[in-house]
Amino acid sequence: MTDAARRAAAKAFAEFWRGKGYEKGESQPFWLSLLRDVFGVAEPEKFISFENRIQLANTSFIDAAIPATKVLIEQKGADKDLRKAARQSDGSLLTPFQQAKRYAAELPYSARPRWIVVCNFAEFHVHDLERPHAEPEIVRLENLEKEYYRLNFLVDEGDENTRREFEISIKAGELVGLLYDEFLAQYRDPSDPRALRSLNVLCVRLVFCLYAEDAGIFGRHAAFHDYLRAYDAPHARRALIELFRVLDTRPEDRDPYLAPELAAFPYVNGGLFADENVEIPNFTDRIRSLLLREASENFDWSEISPTIFGAVFESTLNPETRRSGGMHYTSLENIHKVIDPLFLDELRAEFEAARAEPVERSRERRFEALRARLASLTFLDPACGSGNFLTETYLSLRRLENDVLRERSRQIEFDLTGDLIRVSIGQFYGIEINDFAVTVAKTALWIAESQMLKETEDIVRRPLDFLPLKSYANIVEGNALRIDWASVVPREKLSFIMGNPPFVGASMMSKEQKDEAVKIFGKGKLVNSIDYVGAWYRKTAELIAGTPIRAALVSTNSVTQGEQVAALWKPLFERFGVRFDFAYRTFRWDSEASVKAHVHCVIIGFSFRGSDIPVASAKAPSAQTIPRIFLETGNAVPAKNINAYLFDGPDVFVESRSKPIVSVPVMTNGNKPSDGGNFIFTESERREFVEKYPMLTDLLRRYIGARDFINSDETRYCLWLKNVSPARYRDNPEIRCRLQAVREFRLGSSAAPTRAFAETPYLFFFAPHKEKSYLLVPRHSSENRKYVPMGFLDAGTISSDANLIVPEATLYHFGVLTSNVHMAWMRAVCGRLKSDYRYSASVVYNNFPWPVPAPELRAKIEATARAILDARERFPECSLADLYDETTMPAELRRAHRDNDRAVMEAYGFDWRAMTESACVAVLMSLHRAQAGTQGK
């Protein structure tokens with residue numbers, strides 16, 4: 001179905017179902033019609049299933065499920081509020097989404113949904129379980145004509161051709177890996193860097209030859225196979241060396257007496273076969289068999305995806321090498337998350353507008369203008385690796401150019417002597433530090449050029465010559481942080497910067513990487529908090545300042561979280577005039593490599609704030625410059641302004657502060673022993689100590705860390721001698737032994753403050769504990785929880801520094817901190833450990849804008865906070881992990897939290913019925929800016 005046909009079908013569907021909505025009798029016809037009439041599913045009754053039995057406390061039924069796309073549907077009647085909780089048969093109160101999640105949790109792991117759709121005929125609430133606390137996307141029936149594409153996930157099983165390309169490319173990578181290992185064993189010194197470099201080049205050359213014979217580049221099918229088959233293993237090495245020399249020699253420069261089987265090979269050009277110093281080892285029968293049978297006879301290289309294969313090919317490198325270099329390999333889907341909003345969406349829109357032009361002469365002019373624009377664009381990937389972004393961008397532009405040629409082929413006869421193909425790999429520039437990856441990237445671009453040339457041949461119905469190579473891949477070997485990017489491609493020539501720079505955390509950088517970052521950022525106390533990828537953002541911002549160049553980079557989500565945000569982005573916004581044009585919030589970035597890299601990433605598209613440039617060109621205005629925030633579903637939400645936390649809100653930088661911006665109790669770190677474990681007692685060690693020294697029982701206190709507090713899976717104690725007379729323990733042999741061990745541990749430390757504390761081995765290194773109850777907040781908590789579990793502990797319990805503590809906290813403070821408002825703030829500004837929350841006093845708590853409630857609202861929050869604690873006490877056998885699991889959270893506790901959330905929102909003047917989390921965060925950031933302006937750091 002065309003877009004126009006689908007829009008018409010969506011309009012008709014919406015008109016038919018307007019005002020209808022009987023849950024029991026109309027649910028199945030509703031969904032069958034949607035899939036068949038709007039999304040073109042030929043046999044929807046085979047695609048979607050209804051009333052699947054699920055066993056909970058009682059037998060229940062899943063309203064609908066689409067196994068192929070991992071969708072679970074909870075259908076309600078037209079009169080139902082999808083946000084409102086309803087009482088279940090077991091007495092619990094659950095919203096329709098929570099009800100569906102309960103069903104999902106009982107399914108076998110392989111059958112669990114990725115998507116939960118809650119529907120009442122008038123609205124579709126789409127929940128993505130990859131983002132468990134994100135707001136649902138809402139598609140209204142009345143808007144379906146314009147927004148049907150937001151439900152594409154219902155039927156999107158993935159493109160079959162893409163899947164086939166992926167499978168073929170993975171198989172090709174496996175073959176290369178086998179050849180690599182076999183050849184490596186034949187080198188005299190497999191650890192010699194020269195041998196390893198030679199092996200990398202050899203593998204690239206072999207891949208090109210295998211591809212060339214299958215793609216017809218060598219003139220006939222199996223040309224390389226037949227040539228090599230004539231030689232046995234002892235002579236195959238010499239035959240290969242002679243072939244490589246011939247491939248690098250122009251026909252006019254070749255030996256006139258060259259053997260016919262060699263003379264038949266074309267001249268390649270491009271430098272791939274130029275280096276005769278490449279060391280090639282002897283063949284074995286196994287190597288010869290691999291090349292002739294598995295890699296040639298039994299495999300067709302012409303169908304590989306150069307984009308995917310480039311990454312897979314590079315995976316022949318040692319996985320440890322990849323990890324230490326911070327490299328991760330990119331799926332086609334994720335590449336398009338970058339290049340589509342950066343430029344490709346608008347180029348496609350321009351093509352569609354040209355095709356829809358009714359006047360033939362005007363249509364031709366528009367097509368020619370588009371071709372000229374495609375040829376004028378220049379791209380730089382300053383961390384290009386195996387060239388994934390460059391290759392896929394080249395393929396996308398050439399496909400678009402071929403679409404133009406296909407449209408024009410109906411009206412005109414092409415002049416094959418002119419510039420028939422205008423998009424060239426010469427428009428694509430890259431910087432890469434690894435020499436092997438440079439060669440792979442060039443080869444991937446050549447293969448892409450060959451494939452697109454074949455597609456163009458089919459359109460114009462005439463043969464076009466590929467060899468010798470006429471265009472050159474501008475991939476530069478070098479350290480992108482040490483070279484001037486403008487020396488690779490001039491600023492005035494450059495259109496777009498894009499890519500996927502290395503993912504290396506600030507604490508994991510090598511000394512060399514740290515030195516590179518300091519050289520770029522300059523010395524400062526916050527430089528050490530910026531991840532390695534931040535240096536690419538900085539260099540990009542410097543290059544694009546004052547220009548129409550647009551950029552989009554992928555990075556770990558840490559650059560939009562915690563202390564790093566202000567350190568990285570504040571100078572880029574204020575000094576270089578950076579603005580965010582689009583952004584993908586946190587999602588899991590999967591690779592196509594054999595060793596998959598699962599990293600939680602963001603994509604940020606940005607440009608110079610003073611330039612009103614279009615997305616696709618620096619020459620014409622664009623309607624696509626409206627800032628857009630992309631959700632995990634791929635749908636975009638327009639924004640007035642995208643700030644550095646990727647929210648639609650003011651440009652606020654939440655910087656580290658030593659005290660709160662308002663008058664609230666101080667939060668500190670928990671008690672830090674710095675003892676080498678010598679203060680800590682297990683349950684059995686405590687029992688033995690108490691049996692031997694019952695008069696010293698009070699010297700052992702309950703000691704609790706974050707995991708102990710949340711999971712209740714371990715009971716520990718600590719030796720607590722603060723304000724205890726030495727006379728009580730001086731003669732105790734076990735205590736003396738432990739204190740001596742603490743002293744020795746501290747003396748051996750590389751940190752001067754720790755060594756100084758060796759003088760007082762009987763005290764914790766940091767001990768803010770007061771003899772009163774306190775509020776405990778775990779430093780780390782799972783992102784799968786809606787609320788960070790926190791609670792009050794008595795004076796007799798010592799908190800470790802895995803927690804944060806608020807000694808003066810009251811029920812009111814607990815109520816606000818455990819509310820959905822504070823959780824929204826925390827999720828927006830906190831740091832992360834992988835994807836889990838990393839709460840901090842200096843960033844999260846000290847910058848939080850507290851409400852100023854009237855006395856009656858303050859009392860209401862205190863009452864709802866007490867109700868939360870009371871609800872917990874009803875389940876003494878449960879850990880906080882049990883109580884705050886979204887699937888098992890007791891109804892009483894959920895109700896108490898909901899009441900507390902509403903009370904806190906009322907204290908801020910928020911409408912709890914309608915305000916979304918994003919809107920809440922935007923208001924909090926405005927409040928923060930107002931409150932923080934009167935406070936120092």
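Author: In this predicted model, a residue counts as buried when its relative accessible area is under 20%.

Reader: What makes strand S13 largely enclosed by the rest of the structure?

Author: Strand S13 covers residues 550–556, and seven of the seven residues fall in the buried class, so the strand is largely enclosed by the rest of the structure.

Reader: How do you know that S12 and S13 pair, and in which sense do they run?

Author: Two strands are said to pair if at least two bridges are found between them. Strand S12 (residues 496–499) and S13 share four bridges, in the parallel sense.

Reader: Which sense describes the pairing of S13 with S15, and how many bridges join them?

Author: S13 and strand S15 (residues 599–608) run antiparallel and are joined by seven bridges. Ala551 stands opposite Phe606 in S15, and Val554 has Ile603 of S15 as its bridge partner.

Reader: What makes S15 mostly covered?

Author: Eight of the ten residues in S15 are buried, and the strand is therefore described as mostly covered under the 20% limit. S15 also pairs with strand S14 (residues 578–589), in the antiparallel sense and over nine bridges. In that pairing, Arg579 is opposite Ser607 of S15.

Reader: Why is H28 called roughly antiparallel to H30?

Author: The axes of helix H28 (residues 855–873) and helix H30 (residues 891–908) cross at roughly 165° and come within 9 Å. Because angles over 145 degrees count as roughly antiparallel, H28 is roughly antiparallel to H30. Their crossing is left-handed. The residues that meet include Leu857, Ile861 and Ile868 in H28, and Leu893, Ala896 and Val904 in H30.

Reader: Why is H26 described as roughly perpendicular to H31?

Author: Helix H26 (residues 820–829) and helix H31 (residues 917–932) pack at an angle of about 80°, with their axes 9 Å apart. The range from 65 to 115 degrees counts as roughly perpendicular, and therefore H26 is roughly perpendicular to H31. Among the residues that make the contact are Val821, Trp825 and Val829 of H26, together with Cys920, Leu924 and His928 of H31.

Reader: Why is Leu397 called buried?

Author: The relative accessibility of Leu397 is 0%, so the residue counts as buried against the limit of under 20%. Leu397 belongs to helix H16 (residues 388–408). Apart from its neighbours within four places in sequence, Leu397 is in contact with Phe343, Leu344, Leu347, Leu374, Phe379, Val423 and Phe428. Leu377 is 20 residues away from Leu397 along the chain, and their C-alpha atoms are separated by 9.9 Å.

Reader: How do you know whether His813 is buried or exposed?

Author: The relative accessible area of His813 is 9%, and the residue is therefore buried, since the class requires a value under 20%. His813 lies in helix H25 (residues 811–817). Leaving out neighbours within four places in sequence, the contacts of His813 are with Pro665, Glu808, Trp850 and Arg858.

Reader: Which elements have the lowest and the highest mean pLDDT?

Author: The lowest mean pLDDT among the elements, 43, belongs to helix H13 (residues 319–325), and the highest, 98, belongs to H25. The protein as a whole averages 86, with 88% of the residues scoring at least 70.

Reader: Where does pLDDT stay under 50, and why does that matter for reading coordinates?

Author: Residues 318–328 keep a pLDDT under 50, and the model has 18 contacts beyond four places in sequence for them. Over residues 592–597 the pLDDT is also below 50, and this stretch has 19 contacts beyond near neighbours in sequence. Where pLDDT is low, the predicted coordinates should not be read in detail.

Key:
Residues numbered from 1 in each chain as written. Predicted model: local features only at pLDDT ≥ 70, side-chain atom pairs only at ≥ 80, totals over all residues. Heavy atoms only, no water. Helix = DSSP H or I, 4+ residues; strand = E, 2+ residues; numbered from the N terminus. Buried < 20%, exposed > 50% of the residue type's maximum accessible area, 1.4 Å probe, protein only. Contact = heavy atoms within 4.5 Å. pLDDT = per-residue confidence, 0-100. Axes fitted to C-alpha atoms, helices over the stretch in contact; angles between N-to-C directions. Parallel < 35°, antiparallel > 145°, perpendicular 65-115°, else oblique. Left-handed = near helix turned anticlockwise from the far one by under 90°.
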